[in-house]
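Please have the viewer open as you go through the points.

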Amino acid sequence: MIEDFHNRGIYVIGRVTTFKDSIITEKHPDWGFTLDDGSLWKNAQDEAFMNPFLKEVQDYDLKIAKLAAQAGFDEIQFDYVRFAEGFETFGDTLDYSKGEFENNTEMDEGEKRVAAITGFVQRAREELQKYDVPISIDVFGYALQVRHAEGIGQDFDKMANQTDVISAMIYPSHWGSGSFDLDKPDLQPYELVKRYLDEEQEVLGALDHPPLSRPWIQDFTASWIGEGNWMEYDADAVQAQIDAIYDQGQNEYLIWNANSEYSTGVDY
């Protein structure tokens with residue numbers, strides 16, 4: 001299949017849902033987070049996360065990545081390179097090992113999570129180099145503004161410095177009122193993307209090893225964010241985001257639609 005893609009001039013990225021894995025955690029509950037009764041913790045969507053502190057968990061994801069590289073994928077993209085959303089609010093109610101950080105009294109819990117996630121990205125880069133395949137990581141857009149998102153373990157600068165490509169999810173619908181001085185970001189796709197990239201370029205430019213920026217943009221309608229705050233995302237809305245990327249001197253992007261149904265009539 002990959003050979004067929006390559007014959008058609010397609011660049012094939014292998015996406016790994018790194019620490020969100022409801023399948024392997026059923027087989028290895030000890031790789032996840034458990035409740036007082038010994039059952040596996042899952043989020044509101046009934047999804048389980050693996051424990052990034054564990055070396056065997058990291059090894060498992062890296063083995064998948066290496067197999068994908070050997071199969072001929074042009075790039076390996078790590079998604080969900082983080083702890084579960086809101087982990088800082090409920091993590092202390094769960095049973096899990098902190099691995100090498102278990103007895104470290106000099107670091108607070110947030111710093112330990114950041115160290116675990118950053119360490120994984122560094123391991124991935126180092127161990128995949130011999131396969132001559134670049135790595136990319138997906139991060140929340142707000143990680144750029146927060147810079148040090150201890151709750152989920154994403155430090156934007158540290159992670160970016162360890163990867164070849166960074167793909168921030170900058171969907172206009174995912175920003176609250178006032179973000180980048182925009183009252184209703186979903187209604188201003190061009191301005192949202194432009195202002196985000198302004199800030200990101202400044203941050204990446206200050207790194208020792210700045211990665212390529214390849215942001216995720218929106219091709220879905222977010223009707224759930226409240227009346228007056230959203231609009232129909234059609235060809236014009238998608239085009240506006242792409243135009244903003246090119247106007248900022250960049251020419252790569254990824255488009256998200258959960259059903260893989262993309263707008264027609266766009267100059268991609």
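Let's begin with Q241, which lies in helix α9. Helices here are DSSP runs of H or I with at least four residues, strands are runs of E with at least two, and both are numbered from the N terminus. This is a predicted model, in which local features need pLDDT of at least 70 and side-chain atom pairs count only at pLDDT 80 or more, while totals for chains, interfaces and linings use all residues. Residues are numbered from 1 along each chain as its sequence is written, and side-chain values use heavy atoms, with hydrogens and water left out.

**Q241 and its surroundings**

- Q241 has a relative accessible area of 0% and is therefore buried; buried means under 20% relative accessible area, exposed means over 50%, and partly exposed is in between, with a 1.4 Å probe and protein chains only.
- Leaving out residues up to four places away in sequence, Q241 touches P172, P189, V193, I217, Q218 and Y233, where contact means heavy atoms within 4.5 Å.

**Helix α8 against helix α9**

- Helix α8 spans residues 189-205 and helix α9 spans residues 235-247; their axes come within 8 Å and cross at roughly 30°.
- The axes are lines fitted to C-alpha atoms, for helices over the stretch in contact, and the angles run from 0 to 180 degrees between N-to-C directions.
- α8 and α9 are therefore roughly parallel to each other; angles under 35 degrees count as roughly parallel, over 145 as roughly antiparallel, 65 to 115 as roughly perpendicular and the rest as oblique.
- The crossing of these two helices, α8 and α9, is right-handed; that word applies if the near helix is turned clockwise from the far one by less than a right angle, and left-handed applies if anticlockwise.
- On the α8 side, the contact is made by P189, Y190, V193, K194 and L197, and on the α9 side by A237, A240, Q241, D243, A244, I245 and D247.
- Sorted by class, the contact of α8 with α9 has eight nonpolar, one polar and three charged residues.
- For these classes, Ala, Val, Leu, Ile, Met, Phe, Trp, Tyr, Cys and Pro count as nonpolar, Asp, Glu, Lys and Arg as charged, and the others, Gly among them, as polar.

**Helix α3 against helix α5**

- The axes of α3 and helix α5 (residues 109-128) come within 11 Å and cross at roughly 35°.
- α3 passes α5 in a crossing that is right-handed.
- K55, Q58, D59, D61, L62, A65, K66 and A69 are the α3 residues that meet A116, F120, R123, A124, E127 and L128 of α5.
- The class count for the contact of α3 with α5 is seven nonpolar, one polar and six charged residues.

- Strand β3 (residues 135-140) is mostly covered, with six of its six residues buried.
- I135, I137 and V139 on one side of β3 are buried, and so are S136, D138 and F140 on the other, leaving both faces covered.
- Strand β2 (residues 75-79) runs parallel to β3 and is joined to β3 by three bridges; two strands pair if DSSP finds at least two bridges between them.
- In this pairing, I76 stands opposite I135 of β3.
- Strand β6 (residues 165-169) also runs parallel to β3, with five bridges joining the two.
- Here D138 stands opposite S167 of β6.

- Most residues other than glycine have a negative phi.
- D46 is not a glycine, yet has a positive phi of about 65°.
- D46 sits in the loop between α2 (24-27) and α3 (55-71), and counts as exposed at 52% relative accessibility.
- R147, likewise not a glycine, has a positive phi of about 70°.
- The loop between α6 (142-146) and β4 (148-149) holds R147, which is partly exposed with a relative accessible area of 34%.

**Two buried loop residues**

- L54 is placed in the loop between α2 and α3 and is buried, with a relative accessible area of 9%.
- Apart from neighbours within four places in sequence, L54 is in contact with D30, W31 and S97.
- K20 lies in the loop between β1 (13-17) and α2 and counts as buried at 17% relative accessibility.
- Setting aside neighbours within four places in sequence, K20 is in contact with E47, A48, F49 and Y80.
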